[in-house]
Amino acid sequence: MQNPPWLWPGILGLLAITCLLSIVTGPLQITPLASFNAVLNWATHLDLATVAPHEQLVINNVRLPRTILAMTVGAILAQCGAVMQGLFRNPLADPGIIGVSSGAALGAAICIVLLPGSGEYTVAFSAFIAGLITTLIVYRLASSPSGTSVVLLLLSGVAIAALAGAGIGLLTYLADDMALRDLTLWQMGSIAGAQWQYVSLSLLALLLISWQFSRSSTALNALLLGEAEARHLGIEVDKLKLRLIVLCAIGVGISVAATGIIGFIGLVIPHLVRMVIGPDHKRLLPISAVLGAITLALADIGARSLVAPAELPVGLVTAMLGAPFFIFMLLKQKNRLI
Amino acid sequence: MIMIDIKHVSVRIKHKPVLTNINLHIKAGKVTALLGPNGAGKSTLLKSLCQDNQLDAGQIMLANSPIQDWDRLSLAKNLAVLPQHASLTFPFEVHEVVAMGLYPLTLSSKQGMILIDEQLELLSLSALKHRSYPTLSGGEKQRVQLARVLTQLQQATQPPVLLLDEPTSALDLAQQHRVLSLARSLAHQQDYAVVVVLHDLNQASRYADELVILERGQIVSQGSAKSTLTPDTIKQVWQYEPQFINAPGCDTPLLY
């Protein structure tokens, strides 16, 4: 399949519009022009345009990190979802559904509660390690030489999520008030209170995984034929799998540490993209990344404005949109699953 | 020219001996058929040749070097396997599946596209180029996989080895003969070493140059169709008494 000619201009345009929309949305009314000027000031570190100081402050410390974080995490989750689906040879694999996000959240929670005062990097690292362990366990549980069984995959996800949920529940008894608030946030997913440390960390993760995934895209295509077939094509299958699992754990771990569990982006986006341009990872991965960024930023705008002046956790918004889609996919696969 | 030299190979699967002391030469320019009843070890032998099985004892040499010493990419350029079933559920288009065969090759993307078109043409798949693979019939899927596997061998540095695992099982009569004739012409005209697992003795008799009959993990007979497909061997191996047919113009044994 060829990319339709409108695809790249279309989604990049949409990305720009979403970005603008995300920056002007919020309880404090800032005009689009003032917002644009403020972003310009921020980007150039110069006072090129006059913006009210409090507006500049809100843009710098609230809306910009929030917008960038939403887009980065969206791009990471969509790509990790696409890669996991390739790795498991199953279109229903998603970091949230198979329990990897819950595992990573448990890792982050352990760090927050038991090691009070640990910085963002420690939390992110422990989320990554826990995410990695979870992915390996799920992979072991669900895979066989002929692929992965949907039933085993989903049940392992349920089991892992239950276990991680119990762990987090236990931690809430030990947690002080501050940690408790963080824990609740982690389980629902929220981009409110985005911090620049996490923004730069997740940007780094996004660059790393996008680069590495694009290098493996041909091998990922071949992996869909089956492991033996991929090996016969000269691919070092075990190394490839391990590399992809570690990269997914980095992406999901850092995303979870930064924003908590945000589900369904990794499931829905690659699926929609496959419907339009086909399953070739060379094109699937970059387009999923951009579309994931747009979707999570839009969901975050929704989270900010649906019940304004209060805010919804963005994880609720993605779940409200994504869960019906998941049910729809299950219905479509029903005949194959039973 | 001997491409694969199988020396004293034994394989156990879950502690059960499946192959015992197999010695066999696979030659370039020949079609070698592996025959035998279910459980005789045909597929295991084929899997051993592409390193899907661990050997318990013995060694397999490809072009005079132990096959495990080959690096993955040069091995893939010279030895390819057509799987019995390829369970590809993602909706790749036919040419994208064939393009997976380009993985070990070093080609510009334009050269790659030309090569893919040639292979599609060779297997009369050009009309299906943009069809979605999961919507094809079993026979069409098999031909697409064959096109992918042949693409993989286009930069072989020596006579290529082509392993076919029951290639005719999903095909109708005409397609069975088309695939086997193609295998034979690759061997005879382009010096491929073709190894094919077959159930149908008449197909083996008609298309293979070398027949290898296995029974309980051992080779009981090997050679031309005339010398291997004898009433005694067939009775011993398959516990079945065959009737031979005299067909005019056919100089290999035919039986039912």
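How much area do chain B and chain A bury between them, and what share of it lies on carbon and sulfur atoms? In this predicted model, chain B and chain A bury about 2,100 Å² between them, with 63% of that area on carbon and sulfur atoms. Of the area that chain B buries against chain A, 33% is supplied by Arg72(B), Phe90(B) and Tyr103(B), which is more than any other three residues contribute.

**Make-up of the interface**

- The contact draws 25 residues from chain B and 25 residues from chain A.

**Polar and charged interactions**

- Two salt bridges are found by the rule across the interface of chain B and chain A, and in a salt bridge between the two chains the side chains of Arg283(A) and Glu96(B) meet at 3.2 Å, N to O.
- Between chain B and chain A, three residue pairs are counted in polar contact, with both residues of each pair at pLDDT 80 or more.

**The side of chain B that touches chain A**

- On this side of chain B, at least two residues each come from α2 (72–78), β6 (79–82), α3 (94–99) and α5 (138–152).
- Sorted by class, the side of chain B that touches chain A comprises 13 nonpolar, seven polar and five charged residues.

**Domains of chain A**

- Chain A is divided into two parts, with domain 1 covering residues 22–55 and domain 2 covering residues 83–337.
- The C-alpha centres of domain 1 and domain 2 of chain A are 33 Å apart.

How values were computed: Residues are numbered from 1 along each chain as its sequence is written. Chains are lettered from A and ligands numbered from 1 in the order in which they are written. This is a predicted model: local features need pLDDT of at least 70, side-chain atom pairs count only at pLDDT 80 or more; totals for chains, interfaces and linings use all residues. Side-chain values use heavy atoms; hydrogens and water are left out. Domain bounds come from an automatic or database domain assignment. Contact means heavy atoms within 4.5 Å. Buried area is the accessible area (1.4 Å probe) that two parts lose on being put together, summed over both. A salt bridge is a side-chain nitrogen of Lys or Arg within 4 Å of a carboxyl oxygen of Asp or Glu. A polar contact is a pair of N or O atoms within 3.5 Å; within protein, one must be able to donate a hydrogen and the other to accept it, and residues adjacent in sequence count only if both atoms are side-chain atoms. Helices (H or I, at least four residues) and strands (E, at least two) are DSSP runs, numbered from the N terminus. Ala, Val, Leu, Ile, Met, Phe, Trp, Tyr, Cys and Pro count as nonpolar, Asp, Glu, Lys and Arg as charged, and the others, Gly among them, as polar.
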